[in-house]
Amino acid sequence: MYGSPLSGQARRMMLLGSGELGKEVVIEAQRLGVETIAVDRYANAPAMQAAHRSYVINMLDGEQLRDLILKERPDLIVPEIEAIATDVLVELEKEGFRVVPTATAARLTMDREGIRRLAAETLKLPTAQFEFADSLEELKAAVAKIGTPCVIKPIMSSSGKGQSVCRSLDEVESSWNYAMEGGRAKKTRVIVEQFIHFESEITLLTVRSVSGTAYCAPIGHVQKDGDYIESWQPHPMSEEQIAEAQHIAKTITDALGGAGIYGVELFLAKDQVYFSEVSPRPHDTGMVTMVTQDLSEFALHVRAILGFPIPTIRLLTPGASHTLKAAEEHQTFRIEGIEEALKLPNTQVRVFGKPETKVGRRMAVALSSAEDTEEARRVAAEAAGKLKLIYN
């Protein structure tokens with residue numbers, strides 16, 4: 001079934017998006033003998049450094065994307081970011097290419113309007129109230145209807161870019177401008193969401209495979225400006241909350257279909273579990289699984305999309321992750337303090353290898369395990385604090 005990579009019998013996987021999550025997917029795929037092709041909009045992206053070969057294209061350019069896929073003819077097309085011409089993926093799937101998990105899932109989940117309407121209107125899942133706006137005037141009207149505080153997000157963005165909490169009508173214009181700066185694909189449409197007073201927010205990694213639907217232990221996380229800072233596993237939840245979370249996750253992932261891992265984001269309020277978002281690929285908060293589980297989210301994703309069984313998912317130890325983010329934009333930099341971070345017990349560091357820093361860009365992550373999540377969080381934060389970006 002599998003030949004050697006770079007041979008005529010190899011199975012080929014093309015990643016569309018080559019960041020730190022894609023890099024781990026490439027590594028796991030190569031462990032199972034898969035030939036890997038990494039694609040992104042810039043050179044020397046993290047996954048490109050590990051893949052068998054790579055390409056730099058504008059993935060929002062449908063013609064460029066189609067030409068490359070027809071040239072390589074991969075067995076699997078694995079979208080890893082939002083900014084992709086998903087209409088081309090839908091066309092190629094009809095022509096016989098396999099898109100992970102499906103082209104429709106990729107299209108819907110990379111558009112906040114599509115996935116929110118599916119969840120709230122079609123599947124009747126509990127969500128925050130929401131409105132959409134195409135202009136500043138429409139946004140003002142939507143905010144007046146939803147009320148403040150509220151959350152304003154671009155329809156398409158990643159890692160929290162363009163997302164803000166609007167606390168009064170006086171802040172609407174600044175929120176609109178921020179969304180326009182952070183959105184992708186030159187879309188001016190935004191979503192306005194009711195601000196839910198939740199006790200915590202979690203990611204429920206949900207795996208669809210030939211073995212059925214399975215769930216990782218819930219992952220708690222802290223976000224700032226819509227992007228995660230730290231995560232931990234397991235997050236404490238009642239049996240009722242877990243059952244409701246799994247019901248929501250199965251409902252949305254069954255509707256999206258295909259095989260692979262989904263990152264289902266949920267809000268845990270005092271008396272309700274709310275659906276927030278879903279991504280059809282490994283989730284940034286799930287990097288913690290590299291120290292907590294016998295199979296990381298990346299290993300689970302690759303197994304599932306290759307059609308291999310996943311009989312069990314074992315949580316081996318509580319653990320936590322804490323990110324290192326850049327505060328400045330530079331093309332020349334180095335990371336110091338790795339030795340000091342690794343002196344801490346049960347701690348690992350992953351340096352992503354991104355070629356340049358940007359304000360707020362994740363450059364590395366510290367991972368720690370411990371007897372309980374609170375200790376793991378403390379150690380991971382201490383380890384991340386020892387990592388320093390030095391700009392030349």
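Modeller: The account below begins with the sheet and then turns to the core.

This is a predicted model, in which local features need pLDDT of at least 70, side-chain atom pairs count only at pLDDT 80 or more, and totals for chains, interfaces and linings use all residues. Residues are numbered from 1 along each chain as its sequence is written, and side-chain values use heavy atoms, with hydrogens and water left out.

The open sheet has 4 strands in the order β3-β2-β1-β4, with parallel pairing; strands are DSSP runs of E of at least two residues, helices runs of H or I of at least four, both numbered from the N terminus, and two strands pair if DSSP finds at least two bridges between them. Because β3 (53-56) and β4 stand at the edges with a single partner strand each, one side of each is left without a neighbour in the sheet. From one strand to the next the twist averages 20°; axes are lines fitted to C-alpha atoms, for helices over the stretch in contact, and angles run from 0 to 180 degrees between N-to-C directions. β1 and β2 (residues 35-40) run parallel and are joined by 5 bridges, and Leu15 has Ala38 as its bridge partner in β2. Helix α2 (residues 62-72) packs on the sheet and touches β1, β2, β3 and β4, where contact means heavy atoms within 4.5 Å; the direction of α2 makes about 165° with that of β1.

The largest nonpolar core has 27 residues, of which Met13, Leu76, Val78 and Met287 touch the most other members. Such a core is a set of buried Ala, Val, Leu, Ile, Met, Phe, Trp, Tyr and Cys residues joined through side-chain atoms within 4.5 Å, buried being under 20% relative accessible area with a 1.4 Å probe and protein chains only. Elements that each supply at least two residues include β1 (12-16) and β4 (76-79).

Conventions: Buried < 20%, exposed > 50% of the residue type's maximum accessible area, 1.4 Å probe, protein only.
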